[in-house]
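Hi,

Here is the structure I promised to pass on. Have a look first, and my notes follow below.

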Amino acid sequence: MIPHRTPFFLPALFPSLLWKVETSARELFLTFDDGPVPGPTEFVLETLAKSEVKATFFCIGDNVRKHGDIFSTLLENGHQIGNHTFHHVSGWKTNEARYIDEIDRCENEFRRHGLNENESPRLFRPPYGRISRHQIKVLEANYKIVMWDVLSFDYSRTLSRESCLKNTLRAIRPGSIIVFHDSLKAERNMTYVLPRFLESCMAQGYSFNIIPS
């Protein structure tokens with residue numbers, strides 16, 4: 001079985017990163033990576049609105065540049081925004097100067113499309129979850145680096161929609177930060193799983209919140 005919950009040793013190795021929210025409440029933290037993209041992001045927005053759920057969107061700067069109208073809708077609907085670099089680059093394969101430039105360019109695109117410069121907290125999620133210790137040290141001066149407790153694997157071409165839903169539900173616990181993707185690659189699984197996931201979690205007494213400051 002694919003491990004949908006993050007292995008316990010990773011948070012132990014990188015304790016300054018946010019993997020899970022410490023909470024006594026029965027709450028979950030829903031996040032979406034790689035948008036905004038016409039079709040998938042719009043589906044997510046409609047689905048969340050029906051359930052009155054707010055989420056955190058880790059956006060790619062170049063997608064914000066191309067689809068600024070959808071990004072503006074994210075803001076208008078009260079969702080939280082996080083930085084996911086301008087071109088979805090891996091920290092393991094990118095030198096520090098370019099990596100910081102990618103993050104800055106993404107941030108500038110957010111400002112151009114209406115995100116308040118004083119928005120707090122500033123959130124960053126490294127694409128693929130790949131980031132070096134030195135990159136972490138540099139970024140933590142200005143960003144809360146958000147990883148995840150549960151990965152849906154909605155982008156997997158080999159994982160059935162039913163298994164995606166079942167495995168993701170099995171992995172959640174109070175405080176889980178959960179990753180879905182509002183991308184074309186994930187669209188087949190995500191559009192099936194998300195509404196059913198929300199319905200099941202709510203039936204279990206869970207609520208959904210944005211990442212705390």
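This is a predicted model: local features need pLDDT of at least 70, side-chain atom pairs count only at pLDDT 80 or more; totals for chains, interfaces and linings use all residues.

Let me start with E109, which is buried because its relative accessible area is 7% (buried means under 20%, exposed over 50%, partly exposed in between, with a 1.4 Å probe and protein chains only). E109 is found in helix α5, residues 96-112 (helices are DSSP runs of H or I with at least four residues, strands are E runs of at least two, both numbered from the N terminus). Not counting residues up to four places away in sequence, E109 touches G61, V64, R65 and F86, where contact means heavy atoms within 4.5 Å.

Residues are numbered from 1 along each chain as its sequence is written, and side-chain values use heavy atoms, with hydrogens and water left out.

Next, C59. It sits in strand β2, residues 56-59, and is buried, with a relative accessible area of 1%. Leaving aside neighbours within four places in sequence, the contacts of C59 include V64, F71, L74, C106 and F110. C59 and H4 are 55 residues apart in sequence and 22 Å apart in space, C-alpha to C-alpha.

Then there's helix α7, residues 161-171, whose buried residues are C164, L165, N167, T168, L169 and A171. Those residues pack against β6 (150-151), β7 and α8.

Finally, K185 lies in the loop between β7 (177-181) and α8 (187-203). K185 counts as partly exposed because its relative accessibility is 47%.

Cheers
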